[in-house]
Amino acid sequence: MKSRVIGALSLAVAAVGLFAATAPAFAQQKTITVWWGKGFYRSEDDALIDTIKKFEAKTGIKVELSQYAIQDMIPKTVAALDAGTVPDVAYSDSYDVQAQGKWAYEGKLEDLSDVMEPIKDRFAPNTLEASILYNDVAKKKAYYGFPLKQQSMHVQIWGDMLDKAGFKQSDIPTDWEGYWSFWCDKVQPAIRKATGQRIYAVGQPMGVESTDAFQSFYTFMDAYHVKLVDDDGKLLVDDPKVRENLIKAMKDYTDTYIKGCTPPSSTTWKDPDNNVAFHNKTIVMTHNFTISIAAKWFEDSTNQNLTPEQRAAGKKAYEEDIITASFPKAPDGSTIRYRSDVKTGLIFTAAKNKAEAKQFISFLLQEENVRPYIEGALGRWFPVTKESQASPFWQADRHRKAVYNQFMGGTAPFDFTKNWKFTILNNENVWAKAMNRVVSEKVPVDKAVDELIARIKQVVG
């Protein structure tokens with residue numbers, strides 16, 4: 001009897017001891033909220049979820065993930081800021097272009113220098129700069145975000161349609177004037193004659209609600225070496241040479257529409273619409289700020305939910321028919337230096353679990369975690385780390401090689417990384433508004449450009 005009592009007491013004491021040892025661990029377990037833009041492909045989202053599971057297993061920190069459509073991310077984030085209920089970590093493809101610089105300036109973003117400084121040597125040139133922003137409250141520049149991936153301008157061409165029109169890739173001129181003339185004056189009439197269909201040679205994004213419109217127009221500005229701000233963010237638009245070359249870029253961009261070489265609906269296109277026109281083969285080529293057009297057909301080729309015929313069509317389109325190319329030489333014969341849009345995530349100063357949020361970011365940016373996420377996007381995004389850029393993934397096919405070669409040629413940042421007020425201009429899409437003044441309202445190009453310059457000065461000042 002005595003031994004049973006002692007045994008029972010021993011078990012009770014052991015249980016209490018076990019509870020005492022484990023209770024603090026349970027009490028200290030944290031949950032962080034993560035808001036993330038929904039991926040373009042399932043493999044992209046799967047890679048993110050896999051990294052989250054590994055993070056939870058390693059740290060004991062639970063991650064509450066919410067994914068939203070890109071167009072919903074900024075309105076939801078603004079509402080959360082107003083209500084004081086921000087997530088602990090947030091990422092959207094649209095933050096850098098439309099909001100992050102403003103939030104940094106207003107002191108709403110957490111300084112991530114303690115995360116980024118120790119690993120900064122892992123990043124490729126022209127990537128970290130997108131996160132080093134000015135905080136007017138703290139009166140300093142710091143890492144008010146973390147770079148995750150990047151994109152740049154590419155040209156997508158239906159090679160089989162070009163062949164049907166009687167041309168091959170080697171026939172495409174590399175000089176600026178000859179290039180655009182080739183598409184409008186040769187390919188378009190030839191493809192219409194060959195098919196009997198009203199096919200357009202070019203898909204020229206011009207919609208005010210389209211980021212493609214201003215990203216493409218920046219490439220035209222770069223072709224004419226238009227520099228709107230210096231490296232310190234100071235405006236240069238009062239320089240007569242800037243105005244002169246801006247007029248030339250606007251004329252070339254809108255001439256494609258005026259010549260009837262792009263669908264009339266391109267003035268109202270949103271971001272998916274040039275992709276859709278290309279997939280439907282109502283245009284022969286388009287310029288796009290990723291290779292998502294080609295990658296869509298690659299995904300089709302591996303999608304087991306499609307029929308064997310559909311998968312075969314996807315394989316043929318990706319491997320044989322679609323060409324990923326670059327722009328022609330600039331009008332002066334130089335090679336265009338493309339803009340790189342580095343996509344960034346962030347932590348708000350109002351976040352409740354900043355220490356754990358920083359742990360998550362550090363874990364995500366480890367090479368074995370960030371690479372599957374980037375490559376899960378099938379080439380749509382290019383890495384920001386040097387090691388990931390050297391991955392065999394980028395040598396696996398001609399589309400990815402084209403992306404790799406273009407980035408290795410060197411890129412330049414967008415103006416909003418030098419002066420955050422350009423995010424306001426991008427939100428308004430003053431570039432597409434100027435285009436539409438020319439093509440829809442028949443305003444002379446020089447007048448539309450003068451209005452554009454006036455608005456830039458009014459906003460950026």
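**Figure 1. Helix α3 and the glycine that follows it.** Gly-84 comes directly after α3 and has a positive phi, near 75°. Helices (DSSP runs of H or I, at least four residues) and strands (runs of E, at least two) are numbered from the N terminus. The model shown here is predicted: local features need pLDDT of at least 70, side-chain atom pairs count only at pLDDT 80 or more, and totals for chains, interfaces and linings use all residues. Residues are numbered from 1 along each chain as its sequence is written, and side-chain values use heavy atoms, with hydrogens and water left out. Helix α3 covers residues 70-83, and its 14 residues should span 20 Å at 1.5 Å a residue; the expected span is 1.5 Å times one less than the number of residues. The end C-alpha atoms of α3 are 21 Å apart, which agrees.

Figure 2. Met-73, Ile-74, Thr-77 and Ala-80 of α3 are buried, where buried means under 20% relative accessible area, exposed means over 50%, and partly exposed lies in between (1.4 Å probe, protein chains only). Seen down the axis of α3, the buried residues fall within an arc of 130°, so they line one face of the helix; the arc is that of the directions from the helix axis to the C-beta atoms. The face turned away from this buried side carries the exposed residues Gln-71, Pro-75, Asp-82 and Ala-83. The cover over the buried residues of α3 includes the strands β1 (31-37), β2 (62-68) and β3 (89-91), together with the helices α4 (95-98) and α5 (100-105). Contact means heavy atoms within 4.5 Å.

**Figure 3. Helix α10 and its surroundings.** Helix α10 has 19 residues and reaches 26 Å from its first C-alpha to its last, close to the 27 Å expected at 1.5 Å a residue. Its buried residues include Val-242, Asn-245, Ile-247 and Thr-254. Among the elements that cover the buried residues of α10 are α8 (176-195), β8 (200-203), α9 and α20 (445-460).

**Figure 4. The crossing of helices α9 and α10.** The axes of α9 (residues 211-223) and α10 (residues 240-258) come within 9 Å and cross at roughly 125°. Axes are lines fitted to C-alpha atoms, for helices over the stretch in contact, and angles run from 0 to 180 degrees between N-to-C directions. The two helices, α9 and α10, are therefore oblique to each other; angles under 35 degrees count as roughly parallel, over 145 as roughly antiparallel, 65 to 115 as roughly perpendicular and the rest as oblique. The crossing of α9 and α10 is right-handed. On the α9 side the contact is made by Ala-213, Ser-216, Phe-217, Phe-220 and Met-221, and on the α10 side by Leu-246, Ala-249, Met-250, Asp-252 and Tyr-253. A crossing is right-handed if the near helix is turned clockwise from the far one by less than a right angle, and left-handed if anticlockwise.

Figure 5. Ser-43 belongs to helix α2 (residues 42-59) and, at 33% relative accessibility, counts as partly exposed. Leaving aside residues up to four places away in sequence, Ser-43 touches Gly-376 and Leu-378. The axes of α2 and α15 (residues 367-375) come within 7 Å and cross at roughly 160°. Helices α2 and α15 are therefore roughly antiparallel to each other, and their crossing is left-handed. Residues that make this contact include Glu-44 and Leu-48 of α2 and Glu-368 and Tyr-373 of α15.
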